[in-house]
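Visitor: Can you walk me through this one? I'd like to start with the strands.

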Amino acid sequence: MFFKQIFRNGRKNIKNNGLFFGSLVAAVVAFYTLLSMGEQDVMRFLRTMESDAVQKLMMLIPAIYVVSLFFVFFLVYFACAYQLDGRRRELGMYLMLGMKRSRMFGMLMGETVFNSVIALVIGLPVSLILTECVSLATARGIGMGIIGHKFSLSLTAILWTVAGFLAVQLIAMFLLSIRFVRQEPAALLKSDVSETQKLPKTGKVGVAIAVAGMVMLAAAYILSIQQMGIFSYIVLIPVLILGIWGTFWLYKGMGALIGRRIMKKTMSRSGLYTFTGRQIQENVLHQYKVLAVASLLLLLAIACVSYGIGVAFGRGAESGHSADFTITDTDQDVAEELLSGDSAWMIKDCYAMRLGHMDIDSHTYNAEGMYKAISGQPQSDIRDNILENIQGRIDYFIAESSYNRLLASLGKEPLDLGENRAAMYTSMSGSDFQSILAGALKDGASIEIDGKTYELLPELYTDNVVADRQITLYNAYIVADEVYDSLVTDPEEIFAYNLSLSDALVEESGLMQAILEMGQVLDNCGLHYESYLAGIGRNLFYTVAGSYITIYLGVLFLIIANTVISLKYLIWQRKNHGRYMTLLMLGARKSELARSAVRQMYTFFTLVLSVTAVSGVFAVWCLFTNFTRLPANASMVHVLSAAAVAFAAFVVIECIYMGVIRRATGRAIGALDITDRR
Amino acid sequence: MNMMNHREQKAPADSGRVLEVKNITKTYGVGDNETKALKGITFDVLKGEFLGIMGPSGSGKTTLLNTIATMIRPTSGKVLLERQELGRFKDRELADYRGKKIGYLFQDFELLDNMTAKENILLPLSLHGITGKAAADPLETLARQLDIEDVLNKFPSQMSGGQKQRVAAARSLIGNPSILLADEPTGALDTKNSRTLMDQLSKINQTMGITIMMVTHDASAASYCSRILFIQDGQLFHELRRNVESEPREVFYERIITVLTQLGGGSAHVL
């Protein structure tokens, strides 16, 4: 009988509470998505390239899992509170009919287990489909579709998901059940909101609190934009305190502002204007903490997703793909050997990269012209650092013909230096660093070797001279081959061979597979080499580690914030049953009530979203000016498209939540029957 | 539109029929579970009348009131208010009927506790698009008559039970209804507040000619009425009339008690 009742109640819960079950399923998906990260195509691929780094990232996952447990707990807690609140009368009746509190507690916990099993049965397949989609999309998006998609089912992830979800649900339900079971039957039977009515503060105190909140928020915005250039806790902590406190106070005092507006309009507005206004005011007065927390969570979500996109593009833009392989065995004519072998068809180009150091014993070098040009750039720490480094540094030289081969393989225009000109090269990343050098070159810079002045071309060259990391050059000068031969210690010495794969091979097998195949050929020849793959691996690792996790957390915060607002709103609406009945008796039509309820819901959401939007603008502004910066060569079209997609997804999620509430409210009002009154 | 002027033009002595209840029955359940709450009740209410409905618990008096208030549809029979049959009303007409034609005074006030007294009182008017001076004038008059001017800007939680019920009374009267239906209006009040409320309702009935139909258990409250219908087991059992001008309330009260004693100790209660 007892178990039958649990089963029956559980089934009824599923039927009646779409949002409740949706939240539980979201919690399962959140856990599995995080825990199965190691099984994603990208991570499997990365493990072969950057196993240490991936290992470190995987060690970080448990910490994020614990953070997720903490946040998902609130999601589940509110979902369960909503579901239990709808059953107050039923629970009150059980007590009145003589059910022991311990038995009721047991029944509720039993139902929790039943609900958990159902949520897991639905949530795990959904998670699998979702992670597979994410895995495929990430792989395709990064352009390595060919590494081979493998269906992944992580048993460890499933186990931890089940454990985490059950723990969170049982703890949430345990706390809630205790709260409900302890109540007197009369308190449970009377579910109307009037008993808990608080007196709305419409006085000056409330307005003062709201104004103080706005001032604090404004101070936080200004401080974050002006002072955060240099990251410091002395600035960060006040910004956080002012921002959080300001948000809470703004919502705390908002009820008073709404009240004043209603008072002014009562006599002049018809219909349910006053009622709707008072409902919103009451909701704000009672739920201001929820509004503030939801707004801050949404802000966090925006910041996380923006940061994720920024990181993805920041890293993504660095992957200048200049050669597929760099072969370091230079004691034989590798190019000739490969181009004449069986695998020649696989190679588009193979050339020697002539890169060497100046013979300082026979030549004199003066970078005064360059130094002056850099000095003319706006003052910054990076500029001073460059100035310090450039003075007295003996630079590398690159032969023009080698670099032109590289440019040609990239489809770029070759250089034409002649005897009196040189071009500047750097493989250092960092948009600030590069923009200072580019600025100096544009203003006109020169170097002097053996008393002869070489004008530097106004462009900075950054296409990597090797496939990966064989050499990182702070700066080097590309000079005509004759000049190169006269300057470097050993002109015959070849630094490395660069190899580009044939378009036919790449087209046939995809870049990744092509690189792997060529790698085997090179292995068979006993050659030492570096491939572009390692570069991608490292690059991807940062992209994945940085963007995947922050976007994951962002989405998690977004879902939690929306669920919390929605459930709180629905719980509160449910308690207004009596008011709607009174309004029907006073001659209101159901359509009017439905309009009022929808207006209340939109206003409730707008109150959260508007504050979030303003704070979000400043947060993103601060983020991209102080914490992370998009590289100068990052495609704005791509960045804006990603931002637009993220924004559209955000809007869609908000619309889904509002749609769900709208339907639930509409159903509740449609079901009102004046004949039920007594 | 100045509603109070309109109201004051009504003659209390007008003997036209405001409400006609014709042989209404109400049956709950089917088959063996069938319960007849009303077994064919017929009566009229005249304009300006203060009618009381009394009877023991379960006699059907609240069912009768709720049928007139359109909260319940009768199983058979007709209810006509100002010659219009309520059974024919659709959604919009029903809403208009509830908001304009009748005023309903609840036992537990049913004030919206997140709205001030003024906002509560004005609700029926704003629901029907009446705002500004057209709303302010009747509000002012009713607030004066019901002595609630001091609480107009207060929320229900800041008012006493008596004040709440007088605010509720103002709300039910502000739309200038054809009839005020009151369901145990003194049920949640103490003796002093009950008397104040009944004095004011009686005054409103006499000076403004508002027709009132009140269900009550309380003989003292019923003694303010000009006619009382006693119901037992879903049927009219007895009727008492009082000449308000010549018969003191105390005497009428004694007569009510006598009927109630008969009702309680009548043959119907011998098992």
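Guide: This is a predicted model. Chain B holds an open sheet of six strands with mixed pairing, in the order β6-β7-β8-β3-β9-β10.

Visitor: Which are the edge strands?

Guide: β6 (102-105) and β10 (235-241) of chain B. Each pairs on one side only.

Visitor: How many degrees are neighbouring strands turned against each other on average?

Guide: 20°, with direction ignored.

Visitor: Back to β6(B). In which sense does it pair with β7 of chain B, parallel or antiparallel?

Guide: Parallel, over four bridges. β7 covers residues 179-183. Within that pair, Tyr104(B) stands opposite Leu181(B).

Visitor: What holds strands like these together?

Guide: Strands of a sheet pair through backbone hydrogen bonds.

Visitor: New topic: helix α7 of chain B. What should its 18 residues span?

Guide: At 1.5 Å a residue, residues 191-208 should span 26 Å. The end C-alpha atoms of α7(B) are 25 Å apart, so the two values agree.

Visitor: Which residues of α7(B) are buried?

Guide: Ser194(B), Leu197(B), Met198(B), Leu201(B), Ile204(B) and Asn205(B). They cover an arc of only 125° around the axis, so they sit on the same side of α7(B).

Visitor: And which exposed residues are on the face turned away?

Guide: Lys192(B), Asp199(B) and Thr207(B).

Visitor: What covers the buried residues?

Guide: The cover includes two strands of the sheet, β3 (50-54) and β8 (211-215) of chain B. It also includes helices α5 (133-145), α6 (161-173) and α8 (219-222) of chain B.

Visitor: Which residue takes a positive phi just after α7(B)?

Guide: Gly209(B), at about 70°.

Notes. Residues are numbered from 1 along each chain as its sequence is written. Chains are lettered from A and ligands numbered from 1 in the order in which they are written. This is a predicted model: local features need pLDDT of at least 70, side-chain atom pairs count only at pLDDT 80 or more; totals for chains, interfaces and linings use all residues. Two strands pair if DSSP finds at least two bridges between them. Axes are lines fitted to C-alpha atoms, for helices over the stretch in contact, and angles run from 0 to 180 degrees between N-to-C directions. The expected span of a helix is 1.5 Å times one less than its number of residues. A residue is buried if 20 or more other C-beta atoms lie within 10 Å of its own, exposed if 12 or fewer, and partly exposed in between; C-beta atoms are placed from the backbone. The arc is that of the directions from the helix axis to the C-beta atoms. Two residues are in contact if their C-beta atoms, placed from the backbone, lie within 7 Å.
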